[in-house]
Amino acid sequence: MYKYILKRILLMIPTIVGAAVIVFFLLRAIPGDVCELRMAGSGLYADPEAIKICQQNLGIDQPLYIQFFDFVWGFMTFDLGESMWTGKSITEEIGLRFELSLQVAIMATLTATVIAIPLGTISAIKQDTWVDYVVRIFSIAGIAMPSFWLGILIILGLLIATQKVTGTPWMPPIEYTPIWVDPFANLSQLVWPAMATGYRYSAVATRMTRSALLEVLREDYVRTARAKGLFEKLIINRHALKNAMLPVTTVIGLEFAFLMGGLVVTEQVFNLNGLGKLFVESVLNSDYTVTQSLVMLVAVVFILTNFVIDILYAWLDPRIRYA
Amino acid sequence: MPNLLEVRDLKTQFFTSSGTVRAVDGISYDVEEGETVALVGESGCGKSVSALSILRLIPNPPGRIVGGSVRFMGQNLLDLNDEGIRHVRGRQISMVFQEPMTSLNPVLTIGLQLTEMMELHLGLNNEEATRKAAEYLDMVGIADSKRRLKQYPHHLSGGMRQRVMIAMALCCEPRLIIADEPTTALDVTIQAQILEVMKDLSQRLGVALIIITHNLGVVARYADRVNVMYAGKIIERGNARDIYKNPRHPYTLGLLHSVPRMDLPRKEKLDPIDGQPPDLTKLPEGCAFRVRCRYEVEKCGVEVPHLESIGTGHLSACWQKNDLHNAAAGVSS
């Protein structure tokens with residue numbers, strides 16, 4: 001088991017390096033840079049000399065390989081530098097938003113898991129009964145509905161409901177408060193986006209749980225468990241679910257990693273200042289330093305999530321553990 | 001001796017999109033206490049389904065037991081509710097399946113898979129159950145049983161896993177074990193070992209055994225009584241000696257001719273049964289074996305032959321059963 005974990009950790013290194021190379025060079029392949037955008041972005045004439053000075057200041061006149069090593073070195077020493085657009089420290093800019101995005105992602109994951117596993121299980125056990133149909137409609141609706149649209153509905157619903165009950169409409173707070181400062185204010189802002197994204201997420205995971213369990217229930221060892229005269233509950237919980245959880249873990253993990261950087265529109269709807277928003281801004285501004293830091297951050301989150309999934313796999317399946 | 005199990009007119013059908021499959025079509029047989037009974041037939045003749053039907057393990061849908069009774073110690077298992085049949089499964093009647101590679105749960109330890117049954121059926125605590133589990137592993141010939149209990153199925157070879165399955169089948173001291181092709185998936189060398197273990201332990205512990213197989217060699221050596229099945233029906237029954245020395249159904253005769261024999265000259269050709277087993281969704285009129293039979297007479301296409309006695313405990317379902325006597329002599333030469 002330790003050997004397995006060590007192997008997985010070592011495997012993360014080339015993956016991260018590969019991601020860094022791709023991110024760095026792809027970004028540079030986009031025509032135009034931050035200086036041109038800043039000075040001539042609106043189609044005005046800009047002095048080529050001024051652009052040159054700007055490029056010198058930001059260091060983007062240097063040969064690519066030097067810029068690349070600067071980037072890698074900065075990443076390794078956790079010094080991400082300053083934003084080329086705003087000049088603020090990137091670590092600070094990202095740090096604040098990372099906290100928010102991470103919290104929403106974790107809350108959405110918890111919501112999804114708590115909903116998906118029981119629902120998927122019931123749906124599989126009661127295959128082709130009305131219970132199964134209800135669950136399937138619930139999960140197909142979740143996949144079909146974009147979470148930003150569900151977000152709009154949630155906000156509207158909140159406004160109307162509070163108007164009806166208290167007389168004054170209430171909206172979730174717009175200002176972000178860290179959870180350790182004021183848990184109530186924090187949750188009353190973030191519960192809603194977590195619900196909106198968690199629903200779609202749970203729909204995907206419910207379907208995966210259902211199909212994985214259905215497959216496992218046809219396995220010979222489940223028949224063996226029945227032939228042994230075990231309780232149906234024990235057969236499902238002990239013999240079937242543990243086997244069915246493998247693909248479900250993957251789906252849940254990948255969705256989590258996706259949420260960390262992919263909540264662009266939902267963040268707009270709830271007016272959250274998260275990573276998704278920063279992402280869009282930095283790309284539009286050709287802000288190399290911020291974009292590459294963000295992409296690297298998301299890449300690292302993906303790689304770490306995959307690592308956790310691998311460990312869970314080993315924990316669930318002894319064949320991997322002892323391989 | 002009283003009958004432990006009485007199967008009467010059991011019918012199991014599968015309702016599929018291409019029609020109703022009459023997998024088991026009215027079979028009756030008995031198993032006495034401590035006796036070994038074989039169900040023989042080629043693939044798809046309904047022998048496994050008939051075994052699974054006894055413990056009501058037929059997946060429903062698409063399968064359903066549509067008629068008959070299965071009396072075990074006087075009680076009809078088909079009348080029991082889910083909780084009732086659960087108490088019989090593993091405790092009174094246990095099963096050994098064909099595929100040892102897939103019949104054990106890959107993510108649970110051998111120990112857990114053995115002890116959970118004993119804790120449930122015998123009310124043992126974990127410590128007692130673990131001790132007994134180790135004893136049973138010793139009994140089925142697994143060395144180093146204490147360590148094996150902590151291992152997972154993928155640590156064991158196919159033969160070892162089948163031994164674990166046998167230990168599982170024995171551990172709650174059942175009255176009857178149903179072994180569904182227990183050695184088909186194993187190496188020939190391992191097959192004999194597994195069968196010896198089963199025969200030996202079932203005799204020592206006084207457990208009755210139903211062996212389901214297509215291997216006539218297994219039958220000859222291990223079975224007291226033999227039921228030959230074809231297209232969902234039992235077409236001949238007798239003790240192993242009757243079946244070998246005096247087969248009275250053309251299908252049994254054909255099976256015996258299809259087995260390579262060491263004691264015949266090498267230039268002697270095998271004489272297989274022509275054709276394919278019939279489609280169980282549309283069985284022909286009359287005798288189901290008719291189209292492949294060399295002894296067909298007009299009556300075969302009109303009326304289904306029933307099992308009728310031709311001697312003590314020897315029955316055959318063939319209109320020509322009395323004339324087959326001479327043809328059969330060739331086999332035992």
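Analyst: Helix 6 (residues 130-144) of chain A packs against helix 8 (residues 183-217) of chain A at an angle of about 130°, and their axes are 8 Å apart. Helices here are DSSP runs (H or I, at least four residues), numbered from the N terminus. Axes are lines fitted to C-alpha atoms over the stretch in contact, and angles run from 0 to 180 degrees between N-to-C directions. This is a predicted model, where local features need pLDDT of at least 70 and side-chain atom pairs count only at pLDDT 80 or more, while totals for chains, interfaces and linings use all residues. Residues are numbered from 1 along each chain as its sequence is written, and chains are lettered from A in the order in which they are written.

User: Which residues of helix 6 of chain A meet helix 8 of chain A?

Analyst: Val135(A), Ser139(A), Gly142(A) and Ile143(A) do, and their partners in helix 8 of chain A include Tyr199(A), Ala203(A) and Arg207(A). Contact means C-beta atoms, placed from the backbone, within 7 Å.

User: Other topic. What domains does chain B have?

Analyst: Domain 1 (35-60 + 85-223) and domain 2 (229-329), with bounds from an automatic or database domain assignment.

User: How many residues does each domain of chain B give to the contact?

Analyst: Domain 1 of chain B gives 12 residues and domain 2 of chain B gives 10.

User: Which element has the largest share on the side of domain 1 of chain B?

Analyst: Helix 9 of chain B, with 3 residues.

User: And how far apart are the centres of the two domains of chain B?

Analyst: They are separated by 31 Å, taken over C-alpha atoms.

Methods
Two residues are in contact if their C-beta atoms, placed from the backbone, lie within 7 Å. Helices (H or I, at least four residues) and strands (E, at least two) are DSSP runs, numbered from the N terminus.
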